[in-house]
Amino acid sequence: MPHISLEYSSNLQNLDESWVLLQVNKAVLSLGIFMDSDIKTRIHRLASYRIGVAAADAGDHAFVAATVDLLSGREFSIKELLGQVLLKALERSCRNPLDSLQTQITVHVRELQSDLYFKSVTKPQ
């Protein structure tokens with residue numbers, strides 16, 4: 001943990017997914033709270049989406065939405081710091097000065113019940 005899922009609107013055509021994932025992981029690792037191998041990040045480009053009513057027709061709005069799943073038990077201040085650091089990393093790595101899009105970037109930190117989270121790690125034989 002954490003598990004971070006990123007979704008973004010397909011009109012952000014120049015978004016470098018690999019770069020964004022690396023920047024997110026570096027930002028989270030820099031907090032010194034998580035082990036490197038515990039940070040799992042994935043990204044999804046959404047071809048079907050709608051932003052509001054009028055904005056969707058104009059095509060000048062875009063979004064990046066991050067959801068962070070953490071096991072329960074972390075202090076509020078840790079979750080808040082994680083959300084803030086992740087937002088800053090996304091602002092830096094998802095902005096393209098050539099884009100004329102108004103881009104909304106959001107981060108949602110949520111807890112998973114520890115007793116309902118199951119994990120297995122396999123090792124090569």
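Hi everyone, let me start with contacts, meaning heavy atoms within 4.5 Å: among those in the chain with a separation of 6 or more, 80% are accounted for by residues 24 or more positions apart.

A word on the source: this is a predicted model, where local features need pLDDT of at least 70, side-chain atom pairs count only at pLDDT 80 or more, and totals for chains, interfaces and linings use all residues. Residues are numbered from 1 along each chain as its sequence is written, and side-chain values use heavy atoms, with hydrogens and water left out.

Now the fold. The chain has three helices and four strands, taken as DSSP runs numbered from the N terminus (helices H or I, at least four residues; strands E, at least two). Along the sequence they come in the pattern β-α-β-α-β-α-β. The C-alpha atoms fill a box of roughly 50 × 35 × 25 Å along the principal axes. Of the 125 residues, 33% are buried, that is, under 20% relative accessible area with a 1.4 Å probe, counting protein chains only.

Let's zoom in on H61. This residue sits in strand β3, residues 61-71. Is H61 buried or exposed? H61 is buried, because its relative accessible area is 18%. Its side chain also makes a polar contact with the side chain of D60, at 2.6 Å. Polar contact here means a pair of N or O atoms within 3.5 Å, one able to donate a hydrogen and the other to accept it; residues adjacent in sequence count only if both atoms are side-chain atoms.

Finally, the start of the chain. P2 lies in the segment before β1 (3-9), and a cis peptide bond joins M1 and P2, with omega about 15 degrees. Most peptide bonds are trans. Thanks, everyone!

Definitions and conventions:
Buried < 20%, exposed > 50% of the residue type's maximum accessible area, 1.4 Å probe, protein only.
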